[in-house]
Structures are given as structure tokens and as C-alpha cells.
Amino acid sequence: MTTLSMTPRRAGWLMYALTTTLLWGVWGAFAGLPSQHGFPETLIYVVWALTMVPPALFVLARSGWRVRRDGRSIGYGLTIGVLGAGGQMVLFYAVKAGPAYLIFPLISLSPVLTIVLSFLFLRERTGAMGIAGILLAICALPLFDYAPQGAPQQYGMWFVLALGVLVAWGLQAYFIKLANASMDAESIFFYMTLSALIFIPVALAMTDFSQPINYGPSGPLLAAATQILNAVGALTLVYAFRHGKALMVSPLVNAGAPLLTTVIALALASTVPTGFRLAGIVLSLAAALLLALQPDDSADEST
């Protein structure tokens, strides 16, 4: 009979993963407000990069300001950071070239790549409930953003760019898990922050300053208030990958966060979910429950 007791190791990754889900879920519900008030997405990226600094300083101070500076750590850290920030830059071009209602559902499948790589190269395994949870999460991921509308779209550059973002963010999660085996989480987050800051000039160069920009409280200040949730969520995600399996953490967070975002958005709008969103909510709830209940002891780690 399967035991559902909460081991300290499972409690650790699950706590960090659920914290990330909570932070990213709330962030997702309000992240679009600054752009709706006339603050460009590219400048929101700049604000996000800057909000990465406080949590980075916090964890570095707690670790005694130690940053791994060996070649492997620098390589892993910058790879993780560039994949994340670079993917965001590519996304800016993708949404300009194609339909957002197809691009975001496609990108939401990035955990599939993380799961496959973790299974093949990290030899991660899980039990029956974990497998069921992963499959339900993968099915749920595109449903939150999918909205059948508009004329049929031709596959073009937008599709290539969206695939590029999918690959970049799928690889980023895999490398976070891989790096955690040889370096501390604080150093990983330091290099993620450094990479985010390096891309600020690119984001500024992509900004159309000839258009009116809202520099008031509903612009950069609101962006900072929401993006700090994103930044702290990125930090707790690194810790979740450190203590948990990538093929469990990735689907749980990526299905749970949009679930919470959708619930908050629907509650604020006082509407009832229907169609694809309702299906996404049901599948995500079932996936999160199965992934959380999957025992973590080695006896159950068989596929």
C-alpha cells in the first residue's frame, strides 16, 4: 500500500514549488496592468530585471556573499540566465509577428522539454500518480491561454520564434536542475540576475520612445509591485529545483500558476469559467493534487 507521509525532502521542494505557484499566480493576474496603462512591455522587462536585485542581495547576504566563480558554475549560471532573458527578448519579437492567442499556448508547453531531458539525461523517475499528474498538467497548459478566434494563421516567423522561446525556457528549467547538483542556489540566482541586467540595453533599444509612455504610479511603480512577485518566484523556483525533481516541479508550477491567475481574474471579473478555461482548471487541479501526493521515496520511483 502506498504511503502518503510527507518526508522532509518532499516537504522542502513542495513548499518552494507551491510558493512559486502562489507568487507567479498572483503576478500573472496583475502583470498586464502596467502595459494597459501605457507602460511598454520592454520597459516592464527592465523593471523586472531590477527587481531581481533585492532577492539576489538577500540570499547572497545570508550565504556570506559567496558566489561560485569556477568555470563550470559561471557557464551554468550564465546559460540559465541568458536562456531566460534571451527567451523573453525573442518573445517580444514573436508577439509582434504573430497571434498571441496561439503563441502563448505553444510556449506554455516548455515543461514538456524539461520533463523529457530530465527523464533521459538526469534519469529522473516518478510513480503512477506523478506520471498521471504530469500528463494532466501537459494537457492543461495550453488551455488557459488558448482562444479560438480570428482568421486561420499561416505558419511563419512567429511560429519559429515561439518555438525558440519554448526551447529556451524548457532548457532553462533543465539547466537549473542540472546546475543545482554542482553549485549552490544562491550562485545560480546571482547569475540569473546578472544576465537579466545585461539584457537591459537590448530591451531599451527595442522600446519605441516616440510613443507616449506612462511614467506615473500606474506605470513603473505598478510594474515594480507586480514584478517583484515574479522575481521572488524565480528565486523560490531555483530552490524547488534544488530539492525536487525537475519532472515534478516544472509541471506543477507551470500548471498551478496559470490556474491561480485564471481563478483570480475570473473572481475579479465576477464571471464563471467556460470552455477551454474550465477544462484547464479541472485538469490543473487534478494534476497538482496528483503531483503533490506522489510519494518521494525510492520504492515508488519506478515508471
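Q: Okay, at what angle do helix H7 and helix H13 pack?
A: About 170 degrees, with the two axes 8 Å apart. Keep in mind that this is a predicted model. H7 covers residues 110-121 and H13 covers residues 246-269.

Q: So are H7 and H13 roughly parallel or roughly antiparallel?
A: Roughly antiparallel. Angles over 145 degrees get that label, and theirs is about 170 degrees.

Q: Which residues make the contact?
A: On the H7 side you have Pro 111, Thr 114, Ile 115 and Ser 118. H13 brings in Ala 246, Leu 247, Ser 250, Pro 251 and Asn 254.

Q: And how many of those are nonpolar, polar or charged?
A: The contact of H7 with H13 has 5 nonpolar and 4 polar residues, and no charged ones.

Q: New topic: prolines. Where does Pro 105 lie?
A: Pro 105 sits in helix H6, which spans residues 100-107.

Q: Is Pro 105 buried or exposed?
A: Buried, because its relative accessible area is 6% and the cut-off for buried is under 20%.

Q: What does Pro 105 touch?
A: Skipping residues up to four places away in sequence, Pro 105 touches Ala 100, Pro 142, Asp 145 and Tyr 146.

Q: How far is Pro 105 from Ala 56?
A: Their C-alpha atoms are separated by 30 Å, and along the chain the two residues are 49 residues apart.

Q: Now Pro 220, which helix is that in?
A: Pro 220 is in helix H12, residues 217-243. Its relative accessibility is 22%, so Pro 220 counts as partly exposed.

Q: What is Pro 220 in contact with?
A: Leaving out neighbours within four places in sequence, Pro 220 contacts Phe 39, Val 47, Asn 214 and Tyr 215. Take Val 47: it is 173 residues apart from Pro 220 along the chain, yet their C-alpha atoms are separated by 7.0 Å.

Q: Let's switch to backbone angles. What's the phi of Trp 65?
A: Trp 65 has a positive phi of about 60 degrees, even though it isn't a glycine.

Q: Where is Trp 65, then?
A: In the loop between helix H4 (53-62) and helix H5 (71-97). Trp 65 counts as exposed because its relative accessibility is 54%.

Q: And what about Arg 123, what's its phi?
A: Near 55 degrees, so Arg 123 is another non-glycine residue with a positive value. Arg 123 is in the loop between H7 and helix H8 (128-140).

Q: Is Arg 123 buried or exposed?
A: Exposed, with 62% relative accessibility.

Technical notes: Residues are numbered from 1 along each chain as its sequence is written. This is a predicted model: local features need pLDDT of at least 70, side-chain atom pairs count only at pLDDT 80 or more; totals for chains, interfaces and linings use all residues. Side-chain values use heavy atoms; hydrogens and water are left out. Axes are lines fitted to C-alpha atoms, for helices over the stretch in contact, and angles run from 0 to 180 degrees between N-to-C directions. Helices (H or I, at least four residues) and strands (E, at least two) are DSSP runs, numbered from the N terminus. Angles under 35 degrees count as roughly parallel, over 145 as roughly antiparallel, 65 to 115 as roughly perpendicular and the rest as oblique. Contact means heavy atoms within 4.5 Å. Ala, Val, Leu, Ile, Met, Phe, Trp, Tyr, Cys and Pro count as nonpolar, Asp, Glu, Lys and Arg as charged, and the others, Gly among them, as polar. Buried means under 20% relative accessible area, exposed over 50%, partly exposed in between (1.4 Å probe, protein chains only).
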